[in-house]
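This report covers nonpolar cores and strand pairing.

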Amino acid sequence: MNDAAILTKGLTKFYGFRKGIQTMDLQVERGEVFGFLGPNGAGKTTTIRTLLDFIRATEGTASIFGLDSRKNSLEIRKRVSYLPGDIALYEKMTGREILSYFANLRGHVDWKHVDDLADRLQCNLSQTIHSLSRGNKQKLGLIQAFMQQPELIIMDEPTSGLDPLIQQEFYGLVQEVKADGRTVFISSHNMSEVEKICDRVGIIRNGELVTVEDVSALKERAVHQLEVYFAKPILEDDFQKIPGVRNVETNGTVLRCTVMGKPDALIKVIARFETEKIISHEPNLEDIFLSYYSEGVGYDE
């Protein structure tokens, strides 16, 4: 049996006639940080809830560490921690009391490790939860996700409400989990976050998995913005109808254009002229992500 961290085959969830996710085939390997990208309503949360057997699939299968997500859900939950995007906490408890409650549900916890997490995330565990800001409540959620040191951590929008310094600390925690050979699955619409910490990314659109690729591979074939400075004025017509090149604009000696994928064809045309400078604006993951949504976005959760 395949013992990938996460494996789905034809995973489908409908809410009546409304599509949540459809025919999803996804494999997340052990020891990787996997980013699950999509706008709000694309089906990210539905996927996670189906994986964890919070809701039942309409069709298809899902397994975690080779265990059926439905038949072996209790065993799976001993090995997995989960941070929902809409975490709800008992408002009258202190941070330490709520973490103790979670620890009692899950079993033994190393409180030295908990205190270390609280220090790193600048979280005061003595305060009552109702007095905390959204960001500080999110810190408690992160502590409960990391404190058991599980084999797999699944997080839905984990940095929501965090300030930039705490976000950097979170990224460090994720890398430590990876270095330990454990797995992290992050659902997000924060492009820069996924770009910084993930090995691979899956993009979901309108409930369907559009692509799963290495972050580096996505960036290699993505859109580039080029500026070319020539020694003499050039004509726009010389750069029209070049494969993979669009949005061509010229202004005297300057050419600006968008290049899809490899720029070989454009470079051959540029080589006919004397050039002084070429500037390439490297794509970020947001540019790549938006290219998959250029024909519109579905919002069926």
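Predicted model: local features only at pLDDT ≥ 70, side-chain atom pairs only at ≥ 80, totals over all residues.

Residues are numbered from 1 along each chain as its sequence is written, and side-chain values use heavy atoms, with hydrogens and water left out.

**Cores**

The largest nonpolar core has 41 residues. A core here is a set of buried Ala, Val, Leu, Ile, Met, Phe, Trp, Tyr and Cys residues joined through side-chain atoms within 4.5 Å. Buried means under 20% relative accessible area with a 1.4 Å probe, protein chains only. Leu-140, Ile-143, Phe-146, Met-155, Phe-170 and Val-174 touch the most other members. Helix 6 (residues 164-179) gives the largest share, six residues. Helices are DSSP runs of H or I, at least four residues; strands are runs of E, at least two; both are numbered from the N terminus. Apart from this core lies another, of 24 residues, including Met-24 and Val-80.

Phe-170 contacts (heavy atoms within 4.5 Å) include Leu-142, Phe-146, Pro-158 and Ile-197, leaving out residues up to four places away in sequence.

**Strands**

Strand 13 (residues 254-260) has five of its seven residues buried. Strands pair if DSSP finds at least two bridges between them.

| Partner of strand 13 | Bridges | Direction |
|---|---|---|
| Strand 11 (residues 223-230) | Seven bridges | antiparallel |
| Strand 12 (residues 245-251) | Five bridges | antiparallel |

Gln-225 stands opposite Thr-258. Asn-251 faces Val-254 as its opposite residue. Strands 12 and 13 form a hairpin with two residues between them. In that turn, Gly-252 has a positive phi of about 70°.

Key
Buried < 20%, exposed > 50% of the residue type's maximum accessible area, 1.4 Å probe, protein only.
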